[in-house]
Amino acid sequence: MTKHNVVLPEAVAIPYPPSRATAPAAGGGGSYAIPRKLLTKLELSGGINGWVESMKASSPTHSKAAAAAAAYAAAHDDNNNSWIAKHPSALESFDEITRLSKGKRIVMFLDYDGTLSPIVDDPDLAFMSDAMRAAVRNVARYFLTTIVTGRCLDKVCKFVRLAELYYAGSHGMDIKGPVKGTRHAKSKTKALLFQPASEFLPMIDEVYKALLEKTRSIPGVKMENNKFCASVHFRCVDEKRWSALAEQVRSVLKDYPMLRLTQGRKVLEIRPTIKWDKGKALEFLLESLGFADNKEILPVYIGDDRTDEDAFKVLRERGQGFGILVSKYPKETNASYSLQEPSEVMDFLHRLVEWKRNSDLKHHSRV
Ligand SMILES: [Mg+2]
């Protein structure tokens, strides 16, 4: 496994309203390693500056983020080895994983961006490769598989194009079962559909349109209507305009106290205040599939983002299954294992299918 050497504060929750700034990770339930100095600065600064600082801190290529990561690495010299010891590669620990799976039924949960597809500048172009699609298709033949994503359902379905999967879009606020039946899900679960925040739909649409209008004058802004979440991508916005962008977003948001703002990888996301996240979606799916109290079920969740931590945490707290974090760098995480990038995720999926095929063959030859 390649050496992990820095910790990047990749995603933080932005204090909103900014005049009452709080610690960046406090509202989001995440536990990312944000260097203490940065935290203090955010707490004290408030206002629009607090937002911009936070946007910089979450930008892995930004000098501030790099300096913070270097400071963290220096302060945690033994960090790399202890992190790898705590979150070993899922590929290198494959035998251990299959031992854990013995006699159990794996249920697979996969994030999309950064897990099955590479992170790209234009979110509309985050395509998954045919090879990855084939790997996911194969996995779904052997294990019930759900895609859990921040993207809206329509968009992620267009990217993935596999009708036999379950999908939990908009951070789990929009859940639907397979269009065509699978051998894991017969008629009982086929019509699964769940939208815990449907009353927010008109409001999000209104905010999306208002933001589209307000941010029109800022070059490089990419707005995305994820149905239950309006996303403002600033990956291609000149850093000099970040403050203007934050100001515009704030001016729209002040009229919507029922919505909250969070931040992902170079994206500001506006979503309902209800307590619903990928962890809740995971619990909902396990329950509605009749797996809630079934100790023979082994949920495996693979994801790369702070939002996936909610799901990792649920698995850890249930003492059932485990999370795999996709990251090149050590990060505070509730996942048990790690994979460095989507290509390793693909290798892992292949190995899982190969192992399952072989163990099924052995089982049949004994019968
Ligand atoms: Mg992701």
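This is a predicted model: local features need pLDDT of at least 70, side-chain atom pairs count only at pLDDT 80 or more; totals for chains, interfaces and linings use all residues.
Student: What makes strand 6 and strand 7 (residues 230-233) a pair?

Tutor: Pairing requires at least two bridges between the strands. Strand 6 and strand 7 are joined over four bridges, in the antiparallel sense, and therefore they count as paired.

Student: Why is strand 6 (222-225) called an edge strand?

Tutor: The open sheet has four strands in the order 6-7-9-8, with antiparallel pairing. Strand 6 and strand 8 (259-264) each pair on one side only. From one strand to the next, the twist averages 20°.

Student: Why is His 171 called buried?

Tutor: The label requires 20 or more other C-beta atoms within 10 Å. His 171 has 27, so it is buried. This residue lies in the loop between strand 3 and strand 4 (174-176), and its phi is positive, near 55°, although it is not glycine.

Student: Why does Arg 161 count as exposed?

Tutor: A residue is exposed if the count is 12 or fewer. Arg 161 has 12 C-beta neighbours inside 10 Å, so it counts as exposed. Arg 161 is in the loop between helix 7 (153-160) and strand 3 (166-169), and its phi is positive, about 55°.

Student: How do you know which residues of helix 9 meet helix 10?

Tutor: Contact requires C-beta atoms within 7 Å. Val 207, Ala 210, Leu 211 and Lys 214 in helix 9 meet Gln 248, Val 249, Ser 251 and Val 252 in helix 10. By class, this contact has five nonpolar, two polar and one charged residues.

Conventions. Residues are numbered from 1 along each chain as its sequence is written. Two residues are in contact if their C-beta atoms, placed from the backbone, lie within 7 Å. Helices (H or I, at least four residues) and strands (E, at least two) are DSSP runs, numbered from the N terminus. Ala, Val, Leu, Ile, Met, Phe, Trp, Tyr, Cys and Pro count as nonpolar, Asp, Glu, Lys and Arg as charged, and the others, Gly among them, as polar. Axes are lines fitted to C-alpha atoms, for helices over the stretch in contact, and angles run from 0 to 180 degrees between N-to-C directions.
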